[in-house]
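Let's take a friendly walk through a protein model together. Have the sequence and the 3D view ready, and follow along one piece at a time.

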Amino acid sequence: MTLAIDIEDEAWDTLPGLSRLAEEAAAAALAGRGVNGAVTLLFTSDAEMQALNKQWRGKDKPTNVLSFPAAGGMPVPAGEDPPLGDIALAFQTVAREAAEQGKSLAHHTSHLIVHGVLHLLGYDHEEDGEAEEMENEERMILARLGIADPYTTP
């Protein structure tokens, strides 16, 4: 796996070890799947996320995480990992959710990175069955990282 990290909003600097946390979460989400690829993580602000959400989903509000799977069939230079896609996380929304849910910022960020990578792999949660499958995958991956079930109230 190749992971490119772009920290656009300096508020993310308040989370110590962000790059290591991101690498561990993304690697855990890909582990055992026989998938190798390049992922770009953008750590941004609510304002930028709102612009992305409006442009790509038609929703004029910030959200915690957005995933943009890479188009299939793209040529890949020799020796490089094929692109899996891009993931963006908004600091203010992620921090607010973590506080509201009684979770550490690090654990909530790890969960959202795992969630984003699963979207890049084709998982979705639009229907109940899909949501249950995706949430179960997230629980298993996060457990391997020592993170409690994110869908239970502490």
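Before we set off, a word on the ground rules. This is a predicted model, in which local features need pLDDT of at least 70, side-chain atom pairs count only at pLDDT 80 or more, and totals for chains, interfaces and linings use all residues. Residues are numbered from 1 along each chain as its sequence is written, and side-chain values use heavy atoms, with hydrogens and water left out.

Let's begin at Met-134, which sits in helix 5 (residues 128-144). The helices (H or I, at least four residues) and strands (E, at least two) named here are DSSP runs, numbered from the N terminus. Is Met-134 buried or exposed? Its relative accessibility is 1%, so Met-134 counts as buried. Buried means under 20% relative accessible area, exposed means over 50%, and partly exposed lies in between, using a 1.4 Å probe and protein chains only. Setting aside residues up to four places away in sequence, Met-134 touches His-115, Leu-118, His-119, Tyr-123, Asp-124 and His-125. Contact here means heavy atoms within 4.5 Å. Take one of those partners, His-119: Met-134 and His-119 are 15 residues apart in sequence, and their C-alpha atoms are 8.9 Å apart in space.

Now find helix 4, which covers residues 105-120. Of its 16 residues, 14 are buried, so helix 4 is largely enclosed by the rest of the structure. At 1.5 Å a residue, the 16 residues of helix 4 should span 22 Å, and the end C-alpha atoms are 23 Å apart, which agrees. The expected span is 1.5 Å times one less than the number of residues. After helix 4 comes Gly-122, with a positive phi near 105°.

Which residues of helix 1 meet helix 4? They are Leu-18, Leu-21, Ala-22, Ala-25, Ala-26, Ala-29 and Leu-30, and on the helix 4 side they meet Ala-106, Thr-109, Ser-110, Ile-113, Val-114 and Val-117. The axes of helix 1 and helix 4 come within 9 Å and cross at roughly 40°. That angle makes helix 1 oblique to helix 4. Axes are lines fitted to C-alpha atoms, for helices over the stretch in contact, and angles run from 0 to 180 degrees between N-to-C directions. Angles under 35 degrees count as roughly parallel, over 145 as roughly antiparallel, 65 to 115 as roughly perpendicular, and the rest as oblique.

Stay with helix 1 for a moment. Its 13 residues should span 18 Å at 1.5 Å a residue, and its end C-alpha atoms are 18 Å apart, which agrees. The buried residues of helix 1 include Ala-28 and Ala-29, and what covers the buried residues includes strand 1, strand 2, strand 4, helix 4 and helix 5. Gly-32 follows helix 1, and its phi is positive, near 75°.

Helix 4 has another packing partner: helix 3 packs with helix 4 at an angle of about 120°, with the axes 9 Å apart. Helix 3 and helix 4 are therefore oblique to each other. On the helix 3 side the contact is made by Phe-91, Val-94, Ala-95, Glu-97 and Ala-98, and on the helix 4 side by Leu-105, His-108, Thr-109 and Leu-112.

How many aromatic pairs does a search of the whole structure find? It finds three. In one, the rings of Trp-12 and Phe-43 have their centres 4.9 Å apart and their planes at 65°, so the pair is edge-to-face. Rings of Phe, Tyr and Trp (its six-membered ring) pair if their centres lie within 6.5 Å; planes under 30 degrees apart count as stacked, over 60 as edge-to-face, and the rest as tilted. This pair links distant parts of the chain, 31 residues apart: Trp-12 is in the loop between strand 1 (2-7) and helix 1 (18-30), and Phe-43 is in strand 2 (residues 38-44). The rings of Trp-12 and Phe-91 have their centres 5.1 Å apart and their planes at 80°, so that pair is edge-to-face. Phe-91 lies in helix 3 (residues 91-100), so its pairing with Trp-12 ties together parts that are 79 residues apart in sequence. Trp-12, Phe-43 and Phe-91 form one aromatic cluster.
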